[in-house]
Amino acid sequence: MAHEVPGVIARGKGAQVELTTIVVPDPGPGEALVKVQACGVCHTDLHYREGGIGADFPYLLGHEAAGVVEAVGEGVTGLTPGDFVILNWRAVCGQCRSCRRGRPWYCFSTHNAAQKMTLTDGTVLSPALGIGAFAEKTLVAAGQCTKVNPQAKPEVAGLLGCGVMAGLGAALNTGEVGRGDSVAVIGCGGVGCAAILGARLAGASTIIGVDIDDRKLDWARKLGATDTINSAKTDAIEAIKSLTGGNGADVVIEAVGRPETCKQAFYGRDLAGTVVLVGVPTPEMTLELPLLDVFGRGGRLKSSWYGDCLPDRDFPMLTDLHLQGRLPLEAFVSETIGVGEVEAAFAKMQRGEVLRSVVVF
């Protein structure tokens, strides 16, 4: 049996997205059919639309989602219809060389559904990050479903599926922020503000938000920044140093994905400090640094994949913290919208008007 449901697709590079009918198969072995309840509009979806990630159009967009399992395929264990889940795009295999070395957050062979979702004419769709959740239903690998407490609101819980987890994890997991550390976050959109919140959770004493938009700096202060810098008006590197005793921050998290902000992160850290790159660059971007500076400053330069998270470990724990009132995920939801309003949400994102627009079904 196949299910015909409305979904949002990108047909070609730079074209406006389109709400159309998609065909979702019943789950096969190892797969799950999920009724999507909410899905955040993430910048990665815009990257797909713009051709910045690949050229396998048409894409079924949406990936930052929560919903209810409707059916599971043969061989699926630990997951049953009715389970409330957050979808994740890194379902670890447990068998690759990274998983065998005890580093599953770097899994090199993550699972996706084997069957394909299509348009009604049979055209195969490429689901964004293997999920495709701007649709009333989607088909995923069972391992992409992480059960969490169903008391959480879908529009809030789903944000852990990508952007908020990327930022929290950049601070907590990749950056290993510790009590009393100084942290600077460059770029205070959804991911950057989540990194600020992660630094606060970790006990950082100084948390500096850096952006060129005063609206985003206001968001950063509300989510835990002790200081903010408008880098359109002030030299970011010198300002970070002035707020950290002239030394630079222990951890600098770059959440923009541009060469100039990566350089700010590199030179805004303390000697032997850590730089975490979580902002997604476009394919043509390059970064040039004097090799002597790379060698002489010591420390670590790390990219953060999905906040180096383990969904089965992190999503339930973070959901529980939210329900306990210790993790204000609701602060990231700027608006809830219908599935036909994704294109308008992209425009608001580009203008810096929202932390997250969330599609609610």
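This note sets out, in numbered points, the main features of a predicted model.

1. The sheet. Six strands form an open sheet, and their order is β13-β12-β11-β14-β15-β16. The pairing in this sheet is parallel. At its edges are β13 (227-230) and β16, each of which pairs on one side only. From one strand to the next, the twist averages 15°.

2. Strand β11 (residues 182-186) runs parallel to β14, and 4 bridges join the two.

3. Helix α8 lies across β11, β14 and β15. Relative to β15, α8 runs at about 145°.

4. Why is helix α4 (residues 163-174) described as largely enclosed by the rest of the structure? The reason lies in its burial: 10 of its 12 residues are buried, so the helix is largely enclosed. The term buried refers here to a relative accessible area under 20%. The buried residues of α4 are G163, V164, M165, A166, G167, L168, G169, A170, A171 and T174.

5. What surrounds α4. The cover over its buried residues includes the strands β5 (64-72), β14 (249-254), β15 (269-277) and β16 (300-303). It also includes the helices α5 (190-202) and α10 (311-323). After α4 comes E176, which has a positive phi, near 50°.

6. The largest pocket. Its volume is about 1200 Å³. Of the 45 residues that line this pocket, H47, V256, V278, G279 and V280 are the closest to its centre. Two or more lining residues come from each of the elements α1 (43-49), α4, α5, α8 (259-267) and α11 (342-350). Helix α1 gives the most, with 4 residues. Sorted by class, the lining has 24 nonpolar, 16 polar and 5 charged residues.

7. The second largest pocket. This pocket has a volume of about 320 Å³. Which of its 20 lining residues lie nearest its centre? They are A91, A142, G143, C145 and D312. Strand β10 (145-147) and helix α10 each supply at least two residues of the lining. By class, this lining consists of 8 nonpolar, 8 polar and 4 charged residues.

Methods
Residues numbered from 1 in each chain as written. Predicted model: local features only at pLDDT ≥ 70, side-chain atom pairs only at ≥ 80, totals over all residues. Heavy atoms only, no water. Buried < 20%, exposed > 50% of the residue type's maximum accessible area, 1.4 Å probe, protein only. Contact = heavy atoms within 4.5 Å. 1 Å grid on protein atoms, 1.4 Å probe; cavity = no way out; pocket = protein on both sides within 12 Å on 5 of 7 lines; lining within 4 Å. Points joined across faces, edges and corners; volume = space filled by probe spheres on them. Nonpolar A, V, L, I, M, F, W, Y, C, P; charged D, E, K, R; others polar. Pairing = 2+ DSSP bridges. Axes fitted to C-alpha atoms, helices over the stretch in contact; angles between N-to-C directions.
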